[in-house]
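Have the structure open as you read.

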Amino acid sequence: MPVAGDAPWPSGDRLAQLKPVDRAEVTIVMDNFVDVLMAGSEDVDRYLAYDWSDRRQLVAEHGFSALLTVESDGRRSSVLYDAGLTPDGLGRNLDVLGIPVEDLRAIVISHGHADHHGGLEGLFARYGHRRLPLVIHPEAWRERKVVFPTGTELRLPPPSRADIEAEGLELIEERGQTLLLDDTVLVSGQVERVTEFEQGFPIHYVRSDAGWEPDPMIWDDQNVIVDVKDRGLVIVSGCSHSGAVNVLRNAQRLTGQGRIGGFIGGCHLTGGIFEPIIEPTVDAFSAANIGRVLPAHCTGWKAAHLFARVMPTAFVQPAVGTVVRF
């Protein structure tokens, strides 16, 4: 298995022919946090529960899912990026938010951890067979675990290839970049690792024929990117196991676009292992002059607070049901 320092980059990486769009919206379908009393702003809408006697309210869980909708020449198209942890959670939130799942044109899985694909069952159960492309990295099928210093193990089961194929989805297994929705959405594929301080997840392991082996780099980590006219790149990332700064720079490398209009998703800066890299990560985000930053899911409260202090005009507290428009 590759370890820190190895770089099995997909061959043939080239400047993506990503078509700019007129508008983009990102709806947070699942996240670790929900707050129906938060205020919105000119380009940020918050979900408002008008009737609390209705028990079908939004739920939060340790997982991530986002709906990315792009508009070009008056046509709107959507892709579901990740599916949260539990079938009940994803299915409920899709229903409560009134997301027209029948209009989905693709699904993308950021990586093989269960808190990003576990809810797919809920999607299938509610909406039946969907003849959609599902983009996934080939290493996402591998069984993983995290072993904490105490010896406690957290198992991270992969998605089921058999279940996905049984639902009629078209699997696109790709290490490199993939264009979707008429070349308006770019799936990054494997992210180039260039920073010195983002060195992966040292307590992460993968099962191989020889047993459990270190798997700190989590090569299957990938994100989705759109280029919004006059705003720049909008990047949605599940966990940023590649390193959040690497995610930003890789998007710029793939597209040739330097301006970043928004970043939505996890930065994986929670816990004692990652706290030492909070400051250089936030500094790099600040230097990139990003228009909107919604550090969700596994970012952690310490990093989120620093983002808010250092980037007060760009920072938006993410929550389930939030819609940010570009």
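## What counts as buried

Buried here means under 20% relative accessible area, exposed over 50%, and partly exposed in between (1.4 Å probe, protein chains only). Helices (H or I, at least four residues) and strands (E, at least two) are DSSP runs, numbered from the N terminus.

This is a predicted model: local features need pLDDT of at least 70, side-chain atom pairs count only at pLDDT 80 or more, and totals for chains, interfaces and linings use all residues. Residues are numbered from 1 along each chain as its sequence is written, and side-chain values use heavy atoms, with hydrogens and water left out.

## Helix α5

Just past α5, Gly 256 has a positive phi of about 75°.

Most of α5 is covered, with 9 of its 12 residues buried. Among them are Ala 244, Val 247, Leu 248 and Leu 254. The cover comes from elements in contact (heavy atoms within 4.5 Å), including β14 (223–228), β16 (260–266) and α6 (278–287).

## The sheet beside it

α5 lies across β11, β14, β15 and β16, running at about 130° to β15. Axes are lines fitted to C-alpha atoms, for helices over the stretch in contact, and angles run from 0 to 180 degrees between N-to-C directions.

The open, mixed sheet has 6 strands, ordered β10-β11-β14-β15-β16-β17. At its edges, β10 (178–180) and β17 (292–296) each pair on one side only; pairing takes at least two DSSP bridges between strands. β10 and β11 run antiparallel, joined by 3 bridges, and Leu 180 has Val 185 in β11 as its bridge partner.
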